[in-house]
Amino acid sequence: MRREPIDPEGIVWSRVSPKYLRVRLIGWFIGSVIYLLIFSIPLILRLAGVWPDFPPLAIAIALPAVVLLISAWRGLLLPRQVRALGYAERDDDLLIRSGVIFQRTLVVPYGRMQYVDVAVGPLERAFGLCTLKLHTASPATNAAIPGLPAAEGARLREQLSSRGEARLAGL
Amino acid sequence: MSVPDPHPGMPYPGPPRDGAGPSDGLLPGAPPAPGTVDDSWRRVSVISPLVRGWIALAAIAFFFGRDWFEGLFGPGAREGLPGALGIGLTIALILGLVVLIALGFLVSWYFTRYQVTAEYVRVNSGVLFRQNRQARLDRVQAIDVVQPFLARIFGLAELKFEVADAGESAVRLAFLRLTEAQQLRATILARASGASVAPDASGGIAEAPEREVVAVPSGRVIGAVLLSGTTVLLLTAVVIVATVTVVYRTPFAAPTLIPMALGVAGAYWSALNSGYNFRAALSPDGIRVRYGLLDTRAQTVPPGRVQAVGIDQPLLWRLKGWYRINANVAGYGAGAPGEGQARATLLPVGTRAEVFAILALVLPDPGTVRPLEVFSAGLDASGAAEGFTTAPRRARWLAPLTWRRSGFAVTGTALLVRSGFFHRRLAVVPHERTQSLSLHQGPLERALRVMELQLQTTPGPVAPSLSHIDETAALELFSGQARRAAEARRRSIPEQWMKPIQQPSGAVMPPPPSYGPPGAGFEPHEPPDSPPRDQGAPVQPPPVQPPPDQPPPVQPPPDQSPLDQPNRQQIPEGPGTHEQR
């Protein structure tokens, strides 16, 4: 993957599991269908004749069409978004990057870590993945690495805990 | 206090104050002194249920009193005996209810006990649902001694012990006698600082000495309140309403001002109440802040507990050259808008000289040889002066007003983030306090090759964020800051702030750090190496602890023997103590 301007130089990013794309795609598909159904209600009611003429036909059609368009756009972006997720362990800190259009790179020093969470949802479990989340004393630190293979997640958790302990600095 | 009292004549012996100051009794093998805080379980003051429950009592009195009062004059009140019987019944009912409530409070009071050991403070509370809470002393982030108005009348105070939970206080003891609360605070701070040599040598830990650094005159607090944004809002509303009234010739717009006026009065009141009689002082246990008109508060923030400092200047304050200082302290959290904001304030309104005095307390080592110039540039300059890196010129499309002002500077110990065109802000984050850093870039920013850098600190009023910084500079700052933070953490003082910093024995607490004598009317508090005054002052025990809105008289040690507690430093009464008034 090409280096974005936001990436610090000389960093080799560890990418998350490619299987995570499937998790995201399934989630995206379910979400899209639900949204599409909700926003199709005016159109269905209109065609069924329950609502005689309140929403103009153009709006009733445009609503699901716009939702479909947005869903398609998000679906197209998903593979790139998953590929854009990355993390890198350095000597003193952990780097996490994310985002394609709105990009973000986060650095969390090991000594600032208060605790590490590993969470597994039903979809992730089906694919043998997990989400690792780092917590610092600041709730604004949003340091989550989704889509890690379970073994890698466990290894990273142990690694982070031991490094955090070695560099523990209170607050 | 439940300890043996060798001075039975005194109601409350207090710490032994034989002139040796705070170090007394901390030596190993010191004889157990009177008035000590030992490890026994104790209860809060007996009157505290009354002070806490007075609202309930007042409400009962009000409702029943009104019924009875109305009954006196209502129809059927003059029927003689039944009325008298009714009155008797009512009084009995009221008394019964009051007794019941008092009993409830009394039971809850009886079951609430606390203990301070060498390492922990523990509180047991609850009758049906018992709660045992224990907080490590060395995890202390701040200690507040609060006196609500009613408690103040009774000479009581509430003690709040904050750890980095950012939520409710870890330990709240309401209410203790004021002297007791202060004694407890001194004990907790002494033990938390690691100054206490032996855990059981708890004899007479006196309040650490302190030196006043800034006192805000009340006239300025009123002026600051009047020049605040609330006033601008009020004036705007009055002008709009007046215009509407005149143009449409209708008086109906005027009543909308009434709720507005109430809100403004409330805002004025809270600003006045929290800024009134504001004093900041330095002690070995950290920064002491006192304020309050009706409710008074004395806050102690130990060294190294300030996570970020924000200095800001509302537009109208530029007329007078005033600034406000807020700080993020982990224990205070984001808090409620009113109280939380007041607690996070290190200086409600101050001149630039006072800003530097407070900054010097929070950041004793500014990490630059020209701190005054650098911080001044951060306060109100724009452009690249004094090492500030601002947004590049091409960023003016995104930030037409602020691109020249928003920028950052890095000193050896802290990162300065400058922003705001009308309402000027400067955030100072010590390198070792950075929790995490993040770079953000959206499509527009990518097109203009700029980035946003955010620093995450503990919750509080200061949220340092740098927008529209050139890509190369931002990346350099990002990696540089991560490295500097790691380096600074290795050098930073540990949780027990007294333990490792071994002052040479006999060392005298230096005057409060200041950024040296500058040009712009800044008076240094004391020449850096002037000898401490009153070195041979006669030994005299000062009176009982003064109320928290007065700094306790500082007793210089009469004899600084090498055996004297090397860690607990002394503050001599210096000539510059009250200069700021």
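Two strands count as paired if DSSP finds at least two bridges between them. Helices (H or I, at least four residues) and strands (E, at least two) are DSSP runs, numbered from the N terminus. With that in place, take Ile96(A): its bridge partner in β4(A) is Leu106(A).

Before going on, the conventions. This is a predicted model, in which local features need pLDDT of at least 70, side-chain atom pairs count only at pLDDT 80 or more, and totals for chains, interfaces and linings use all residues. Residues are numbered from 1 along each chain as its sequence is written, chains are lettered from A and ligands numbered from 1 in the order in which they are written, and side-chain values use heavy atoms, with hydrogens and water left out.

Chain A, then. It has four helices and seven strands, and from the N terminus on the elements run β-α-α-β-β-β-β-α-β-β-α. Of its 171 residues, 42% are buried, where buried means under 20% relative accessible area, exposed over 50%, and partly exposed in between, with a 1.4 Å probe and protein chains only. Among the contacts (heavy atoms within 4.5 Å) in chain A with a separation of 6 or more, 55% are between residues 24 or more positions apart. The chain exposes about 9,200 Å², and carbon and sulfur atoms supply 66% of that; the areas come from the Shrake-Rupley method with a 1.4 Å probe, and for residues only the protein chains shown count as cover.

Back to β3(A). Six of its six residues are buried, so the strand is largely enclosed by the rest of the structure. In a regular strand the side chains alternate between the two faces of the sheet. Here both faces are covered: Asp93(A), Leu95(A) and Arg97(A) are buried on one side, and Leu94(A), Ile96(A) and Ser98(A) on the other.

What does β3 (residues 93-98) pair with over six bridges? That is β4 (residues 103-109) of chain A, running antiparallel to it. Within this pair, Arg97(A) has Thr105(A) as its bridge partner. The hairpin of β3(A) and β4(A) has four residues between the strands, and Gly99(A) takes a positive phi near 95° there. On the other flank, four bridges join β2(A) to β3(A), again antiparallel. Tyr87(A) stands opposite Ile96(A), and the hairpin from β2(A) to β3(A) goes through three residues.

These strands belong to an open, antiparallel sheet of seven, in the order β1(A)-β2(A)-β3(A)-β4(A)-β19(B)-β20(B)-β21(B). Helix α4 (residues 150-166) of chain A lies across β2 (86-89) and β3 of chain A, at about 40° to β2(A). For such angles, axes are lines fitted to C-alpha atoms, for helices over the stretch in contact, and the angles run from 0 to 180 degrees between N-to-C directions.

Now chain B. Seven of its strands form another open antiparallel sheet, ordered β14-β13-β12-β18-β17-β16-β15. The edges are β14 (345-350) and β15 (389-390), each pairing on one side only. Helix α10(B) packs on this sheet, touching β12, β13 and β14 of chain B, with its direction about 165° from that of β14(B). Helix α13 (residues 471-491) of chain B also packs on the sheet, touching β15, β16 and β17 of chain B, at about 40° to β16(B).

Which residues touch the most other members of the largest nonpolar core? Of its 48 residues, they are Phe375(B) and Leu416(B). Helix α10 (residues 352-362) of chain B gives the largest share, eight residues. A nonpolar core here is a set of buried Ala, Val, Leu, Ile, Met, Phe, Trp, Tyr and Cys residues joined through side-chain atoms within 4.5 Å.

Thr413(B) sits in the loop between β16 (407-410) and β17 (414-419) of chain B and counts as buried, at 13% relative accessibility. A polar atom of its side chain lies 2.6 Å from the backbone oxygen of Asp365(B). Next, a cis peptide bond joins Ala174(B) and Phe175(B), with omega about -5°; Phe175(B) is in strand β7 (residues 171-177) of chain B. Last, Asn277(B) is not a glycine but has a positive phi of about 55°, and it is buried, with a relative accessible area of 18%.

Key
Polar contact = N/O pair within 3.5 Å; in protein donor to acceptor, adjacent residues only side chain to side chain.
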